[in-house]
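Subject: Handover of a structure, with notes

Dear colleague,

Please find below the structure that I am passing on to you. My notes follow it, and I should be grateful if you would read them alongside the coordinates.

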Amino acid sequence: MKYLISYQQSKSLLNPLWIDVRSPKEFAQGHLPNAINLPVMDDSTRHEVGTLYSQGQIDQAKQVGINFMSGILPTFFQHIITASHGHTLIFYCKSGGFRSSSIVGLLDGLGLTVYQLAGGYQAYRQRVLAQLEVLPHHFQFVSLDGMTGTGKTLILKHIEAMGGQVLDLEGLANHRGSHFGQIGLGQQPSQANYEAALINKLESFQPGIVFIEGESASIGKVHTPHTLYQAYKQSPHQVYIDSPIDLRIERIEDEYINASDQKNLAEIKESLNRMDKMNPQRKAMHIESLNQGDHASVIKDLILSYYDQHYTLKNKNFEYQIINYSSLDTARALIDLYDVL
């Protein structure tokens with residue numbers, strides 16, 4: 001078919017836009033980065049069609065799908081016309097079957113230049129898993145380690161702004177990697193979408209130095225694939241970041257607590273209540289301090305009595321140790337140390 005294209009071939013297209021025609025539930029479980037969802041069937045219709053297929057009632061399954069699609073076709077087509085402005089459209093479904101091929105065939109017949117992803121999402125997913133085993137070996141990871149509040153994420157942001165290659169695991173996972181890591185951030189991606197985002201970012205890099213934070217394998221509900229995790233944990237380029245306690249408190253307060261944002265404070269109080277190892281009296285004291293606007297004392301106690309107590313440097317060898325007074329200055333120092341620009 002003239003409109004069938006592989007994922008690798010799609011990179012030569014002008015401003016490609018991925019259109020996922022699977023059901024909303026399938027899309028939420030995993031999709032191509034930056035894809036939009038224009039389902040040709042809703043979740044309940046997709047379930048009905050799948051049941052009919054599994055029972056061998058192929059014609060009936062197709063009829064159910066066509067009946068649903070006929071009702072949404074005018075709106076669907078309008079979305080396509082809007083999306084096509086300035087983009088090359090690439091459609092995909094689960095395996096490059098009936099859903100995407102029928103839409104692409106229809107639009108091709110109407111004179112639109114559109115493409116279909118060969119093998120659909122399944123082929124893309126297999127590519128992601130294969131690349132996760134290969135790509136991490138192409139880079140030299142500089143892993144920043146250190147206790148909470150020492151400014152590691154800010155340092156990475158400054159390095160990236162200056163042109164350095166940065167793999168921000170917390171950013172891609174939409175989680176800060178701690179008990180309070182989800183505060184104010186909303187929902188995390190699915191595991192499949194996290195892995196897709198990792199590959200999308202890794203493929204944008206040139207071989208060489210990549211700065212990363214020395215995260216644990218689990219970041220909230222998602223998990224960094226083993227090969228990548230081992231690549232940065234076993235890298236010889238390990239950097240320990242330290243910082244004075246007052247600056248650590250200030251950074252955490254800036255990041256987590258906005259006095260005008262009561263939603264964040266409410267989430268912090270809920271997270272405090274879920275800390276099973278903290279006694280009820282201490283929790284009550286901290287919540288009262290938060291209610292009084294005394295955020296610093298709560299942060300300091302959590303740093304010293306909780307986070308620092310769980311941090312360990314067992315047999316860890318660091319190439320450099322830096323005290324971070326200014327995240328911008330530290331970023332510049334790291335760029336100079338590794339001569340990356």
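The model is predicted: local features need a pLDDT of at least 70, side-chain atom pairs count only at pLDDT 80 or more, and totals for chains, interfaces and linings use all residues. Residues are numbered from 1 along each chain as its sequence is written, and side-chain values use heavy atoms, with hydrogens and water left out.

Confidence. The mean pLDDT of the chain (the predictor's confidence in each residue, from 0 to 100) is 91, and 97% of the residues score at least 70. Helices (H or I, at least four residues) and strands (E, at least two) are DSSP runs, numbered from the N terminus. Where pLDDT is low, the predicted coordinates should not be read in detail.

S70 belongs to helix α4 (residues 58-83). With a relative accessible area of 49%, S70 is partly exposed, that is, between buried (under 20%) and exposed (over 50%), for a 1.4 Å probe and protein chains only. Its side chain reaches the backbone oxygen of N67 at 2.7 Å. This is a polar contact (a pair of N or O atoms within 3.5 Å; within protein, one must be able to donate a hydrogen and the other to accept it, and residues adjacent in sequence count only if both atoms are side-chain atoms). V40, 30 residues away from S70 in sequence, is 9.4 Å away in space, C-alpha to C-alpha.

S235 sits in the loop between α10 (226-233) and β11 (237-242), and is buried at 9% relative accessibility. Polar atoms of the S235 side chain lie 2.5 Å from the backbone oxygen of F141 and 3.1 Å from the backbone nitrogen of H237. Beyond its neighbours within four places in sequence, S235 is in contact (heavy atoms within 4.5 Å) with F141 and Q230.

Helix α11. The buried residues of α11 are L247, R248, I249, R251, I252 and Y256; they pack against α7 (152-161), α12, α14 (295-310) and α15 (327-338).

Two asparagines. N15, which is not a glycine, has a positive phi of about 45°; N15 lies in the loop between α1 (7-10) and β2 (16-20). N174, also not a glycine, has a positive phi of about 50°, and is located in the loop between α8 (169-173) and α9 (191-202).

Yours sincerely
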